[in-house]
Amino acid sequence: MKRNILIVGGGFAGLWTALGAARVVDKQGDAASDVEITLVSPRAALQVRPRLHEARPEQMAVPFQPLLDAVGVKFIEGSVERIHPNDHSVDIALAAGGARSASYDRLVLTSGSRLFRPPLPGLAEHAFAVDQIDEAVKLREHLESLASKPDTAARNTFVVVGGGFTGLEVATELPERLHAIFGDAMRPRIVVVERADVIGPDLGPGPRPQILEALEKLGIETCVGGGVVSFDAKGVVTGTGERIDASTVIWTGGMVASALTGQVAPEVDRQGRMAVTGDLRVVGAKDIFGAGDVVRALTDDEGHYSLMSCQHAQFMGRFAGHNVAADLLGLPTREYRQTFYATCLDLGAWGAVYTEGWDRDVKLTHAEGKARKILINTQWIYPPAPDRVQALAVGDPDIQYA
Ligand SMILES: Cc1cc2nc3c(=O)[nH]c(=O)nc-3n(C[C@H](O)[C@H](O)[C@H](O)COP(=O)(O)OP(=O)(O)OC[C@H]3O[C@@H](n4cnc5c(N)ncnc54)[C@H](O)[C@@H]3O)c2cc1C
């Protein structure tokens with residue numbers, strides 16, 4: 001009889017969970033020869049979500065079947081529709097059509113997050129997004145189609161709703177993207193509309209001077225303290241009562257955890273995230289672990305909790321993978337700890353701002369910040385090559401960035 005570990009979701013958390021679990025199974029040799037690890041996800045590619053504001057979003061899918069093959073992890077292409085914690089099984093809608101179920105001894109939920117869309121009038125019909133590859137491709141196609149439209153103020157106006165991390169990256173990338181499409185003579189009007197009274201409210205005061213400097217340099221307007229209250233085919237109305245006519249409106253209003261969390265956790269937080277114990281077991285759900293955007297986990301002894309971010313998803317994945325395999329094999333589990341925290345915000349042609357610590361002390365700006373962002377976005381967040389030894393080493397929970 002096989003003992004099964006099932007990982008639900010092939011994002012940053014799920015892939016790094018697979019590496020963490022495969023590493024423990026590999027180290028245990030014969031004692032773990034009956035352990036089978038399986039990952040279920042709608043397709044065999046990692047969506048590099050942090051790069052979906054860039055010009056070529058269709059290139060942001062990294063196939064991972066060769067990596068799973070290298071470390072001996074099986075793959076099911078499909079979506080888990082239902083988790084049955086009492087009989088340790090899941091129902092899967094297969095990508096190729098049809099359905100099947102799969103049983104598990106231990107499950108790791110890593111089904112991530114989606115863009116939060118509140119029921120604002122016209123939002124669903126009239127706003128673009130960059131949350132998933134297909135949405136970002138739709139935006140790219142729309143931007144390219146504008147070049148053949150009459151040269152009006154509305155055509156040349158771009159509203160980015162949400163002045164947080166994603167909204168700022170989208171807005172500051174737009175001037176370059178638009179110049180590539182329309183030529184340098186194009187003078188777009190780009191407006192970031194933020195509901196809070198300040199730009200980048202969750203980023204805190206640390207990097208705000210650099211953000212404001214970049215917005216000014218790039219000629220990007222801001223409208224704070226009202227948000228957008230309605231969307232229509234011709235633009236938006238803001239909470240401050242302003243009407244902005246725009247052919248392009250991009251919604252970036254936050255993220256919410258996968259709805260699967262509600263099937264296993266008795267309680268979730270405001271973002272739909274599950275509470276977990278120190279070793280990343282879902283509180284109130286026997287034999288289920290969690291990692292990434294679906295959980296809110298304590299990262300250090302100072303009371304800081306994980307955020308919906310790649311750095312937390314990858315690190316938690318290593319620990320969840322290690323722990324789920326250790327637990328199944330009767331070995332001690334490890335407490336998840338990730339004391340180093342950094343952010344790197346892309347600010348288009350201005351550069352990027354890189355901060356360290358939870359107070360977000362600015363360490364690098366302009367071109368130096370950009371060099372760090374490129375390193376993060378083209379190397380650090382990518383999965384390892386499909387080489388068994390290298391890939392298993394990446395699953396080690398003792399790896400730290402700094
Ligand atoms: C535009 C944008 C920019 C961002 N920029 C940054 C950044 O600069 N830095 C940073 O650290 N973070 C950034 N983030 C956040 C980061 O992308 C997420 O925190 C990260 O992707 C979380 O990883 P995850 O594996 O938990 O979830 P996800 O990446 O969401 O992966 C979840 C996986 O689960 C799969 N899945 C979902 N439902 C099911 C199901 N029912 N059954 C099976 N599989 C399922 C999904 O298809 C996906 O493969 C950004 C996000 C966005 C959208």
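A: Let us start with strands E13 and E14, which form a hairpin with two residues between them. This is a predicted model, in which local features need pLDDT of at least 70, side-chain atom pairs count only at pLDDT 80 or more, and totals for chains, interfaces and linings use all residues. Residues are numbered from 1 along each chain as its sequence is written.

Q: How do you know that E13 and E14 pair, and in which sense?
A: Two strands pair if DSSP finds at least two bridges between them. E13 (residues 228-232) and E14 (residues 235-238) have four bridges, in the antiparallel sense, so they meet that definition. Phe-231 stands opposite Val-236 in E14. The strands themselves are DSSP runs of E with at least two residues, while helices are runs of H or I with at least four, and both are numbered from the N terminus.

Q: What makes E14 and E15 a pair?
A: E14 and E15 (residues 243-245) share three bridges, again antiparallel, with Val-237 partnered by Arg-243 in E15. This hairpin has four residues between its strands, and Gly-241 in the turn has a positive phi of about 90°.

Q: What makes H8 mostly covered?
A: By that burial count, 17 of the 20 residues of H8 are buried.

Q: How do you know that the span of H8 agrees with its number of residues?
A: The expected span is 1.5 Å times one less than the number of residues. For the 20 residues of H8 that gives 28 Å, and the end C-alpha atoms are 28 Å apart, so the two agree. After H8 comes Gly-330, with a positive phi near 75°.

Q: Why is the ligand said to lie between domain 1 and domain 2?
A: Domain 1 (3-115 + 255-339) and domain 2 (123-251) both give residues to the shell around the ligand, so the ligand lies between them. The bounds come from an automatic or database domain assignment.

Q: Which of the 32 residues around the ligand come nearest?
A: They are Gly-9, Gly-11, Gly-112, Gly-292 and Ser-309. A residue counts as near if its C-beta atom, placed from the backbone, lies within 6 Å of the molecule.

Technical notes
A residue is buried if 20 or more other C-beta atoms lie within 10 Å of its own, exposed if 12 or fewer, and partly exposed in between; C-beta atoms are placed from the backbone.
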